[in-house]
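Hi,

Here is the structure I promised to pass on. Have a look at it first, and then read on for what turned up.

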Amino acid sequence: MDTPSIARMYDYLLGGKDNFEADREACEELAKGIPELVAFANDNRAFLGRAVEYVSRQGVEQFLDLGAGLPTTENTHHVAQRANPGARVVYVDHDPIVLAHGRALVTDSAGTAFLMADIRDTDQVLSAPETHRLIDTDQPVCVMLVSLLHCLPDESDPFGMVRSLLDRLAPGSCVIFSHIVSDDPEAAAWMTEKILSFGTPWGRVRSPEEASAVFSGLELVSPWIDGRDQGPRAVDCATWRHPDRDPLRRPDDPEIKRWEMSGVAFKR
Ligand SMILES: C[S@@+](CC[C@H](N)C(=O)[O-])C[C@H]1O[C@@H](n2cnc3c(N)ncnc32)[C@H](O)[C@@H]1O
């Protein structure tokens, strides 16, 4: 309870109640250097909803929501099952408080399960009874990596982990991805060092080029709501398929030095 957790800090930023003093203080500390922090978290969560809806409309009905976080208002199964009542979702997180709240949330849906696991252990995730019950790896699966891989240090080989997971999934599978990035090494280092100084296990802010490794060998979809083929496809999450905003590679305010780079990409 004295060490901030990423899941509870994110919950606080989204206006949730499942957080402790240490989490709130850590967020206030971070916000001193990143005033846009609350918008940052909310934009990421809104991206998750738009992306799940998009992928559902492409006919994908199985979701592996890795690093799912604490339940909030519009969770993956709410969005996916509204688009397709037959959609199945397995939430995975390693934080015990997420599990406690998550299990309560999913009891209302037969097509949903919550699994406590470290996502680095892909064998455990894929062989768990919850996954077997709901996910058929011979059919397309959407792997959700939303605001997750920056939690993993380079030693954990987060991008290699994604590659080996996708290798085990059927063609037509896809990733929904966002990652905190910066094109300013000092701004990246400040955020990384600040979070690690809380004693919270974390990875690092990466450059857009480094984070783009996740899309290697995959086909990125257009970030425009009308699907047009124009400009970059990995963009600031606040602008991905947004009804009122054009997609932007990075926030147009040069004072904003970090953003969640996002994209959706398919394995063909
Ligand atoms: C910033 S939250 C993102 C929540 C949600 N994906 C979203 O974007 O709205 C990151 C989540 O990843 C989880 N997480 C971090 N490292 C993990 C790991 N190695 N295995 C499983 N979950 C992890 C944290 O506990 C936290 O709930």
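Two rings of Phe, Tyr or Trp, taking the six-membered ring of Trp, count as a pair if their centres lie within 6.5 Å. On that basis, ring pairs join Phe47, Tyr54 and Trp240 into a cluster. Bear in mind throughout that this is a predicted model.

**Rings**

The rule gives four aromatic pairs. One of them is Tyr54 with Trp240: the ring centres are 5.8 Å apart and the planes stand at 85°, so this pair is edge-to-face. Tyr54 belongs to helix H3 (residues 37–57), while Trp240 is in the loop between strand E7 (235–236) and E8, so the pair ties together parts 186 residues apart in sequence. Are these two buried or exposed? Both Tyr54 and Trp240 are buried.

Tyr91 and Phe114 make a stacked pair, with 5.4 Å from centre to centre and 20° between the planes. Here strand E2 supplies Tyr91 and strand E3 supplies Phe114, so the pair ties together parts that are 23 residues apart in sequence. Tyr91 is buried, at a relative accessible area of 3%, and Phe114 is buried too, with 3% relative accessibility.

Charges also sit over rings. Arg241 has its charged end over the ring of Trp240, 5.8 Å from the centre. Arg228 lies over the face of Trp224, and there the distance to the ring centre is 4.0 Å.

Arg241 has something else to check in your viewer: its phi is near 45°, a positive value in a residue other than glycine. You will find Arg241 in the loop between E7 and E8. Its relative accessibility is 12%, and buried means under 20%, so Arg241 counts as buried.

In soluble globular proteins, nonpolar side chains tend to be buried together. The largest nonpolar core in this model has 36 residues, and the members that touch the most others are Leu66, Val92, Leu145, Leu149 and Phe177. Elements that give two or more residues to this core include strand E1 (62–66), strand E2 (88–93), strand E3 (112–116), strand E4 (142–146) and helix H8 (158–167). Which element gives the most? That is H8, with five residues.

Beyond its neighbours within four places in sequence, Phe177 is in contact with Phe47, Leu145, Leu149, Phe159, Ala211, Val214, Phe215, Met261, Ser262 and Gly263. There is also a second, separate core of 33 residues, and Val52, Val98, Cys142 and Trp240 are among its members.

**Empty space**

Rolling a probe the size of a water molecule over the atoms shows where empty space is left. How many cavities of 30 Å³ or more does the structure hold? It holds one, and the largest cavity has about 60 Å³ of space. Residues lining the largest cavity include Arg45, Asp65, Asn75, Thr76 and Leu105, along with Tyr91 and Phe114, the two rings of the stacked pair.

The largest pocket has a volume of about 780 Å³. Its lining is made up of 40 residues, and Ile6, Ala7, Ser147, Cys151 and Trp202 lie nearest the centre. H1, H3 and helix H9 (185–197) are the elements that give two or more residues to this lining, and H3 has the largest share with six residues.

Ser147 deserves a click of its own. It is found in the loop between E4 and H8, and its phi is near 55°, a positive value in a residue other than glycine. Ser147 is buried, with a relative accessible area of 16%.

**Helix H1**

Helix H1 (residues 6–13) is mostly covered, with six of its eight residues buried. Those are Ala7, Arg8, Met9, Tyr10, Asp11 and Leu13. What do they pack against? The buried residues of H1 pack against helix H2 (21–33), H3 and helix H5 (96–106). Just after H1 comes Gly15, which takes a positive phi of about 85°.

That's the lot from me.

Cheers

Definitions and conventions:
Residues numbered from 1 in each chain as written. Predicted model: local features only at pLDDT ≥ 70, side-chain atom pairs only at ≥ 80, totals over all residues. Heavy atoms only, no water. Core = buried A, V, L, I, M, F, W, Y, C linked by side-chain atoms within 4.5 Å. Buried < 20%, exposed > 50% of the residue type's maximum accessible area, 1.4 Å probe, protein only. Helix = DSSP H or I, 4+ residues; strand = E, 2+ residues; numbered from the N terminus. Contact = heavy atoms within 4.5 Å. Phe/Tyr/Trp six-rings, centres within 6.5 Å; stacked < 30°, edge-to-face > 60°. Lys NZ or Arg CZ within 6 Å of the ring centre and 35° of its normal. 1 Å grid on protein atoms, 1.4 Å probe; cavity = no way out; pocket = protein on both sides within 12 Å on 5 of 7 lines; lining within 4 Å. Points joined across faces, edges and corners; volume = space filled by probe spheres on them.
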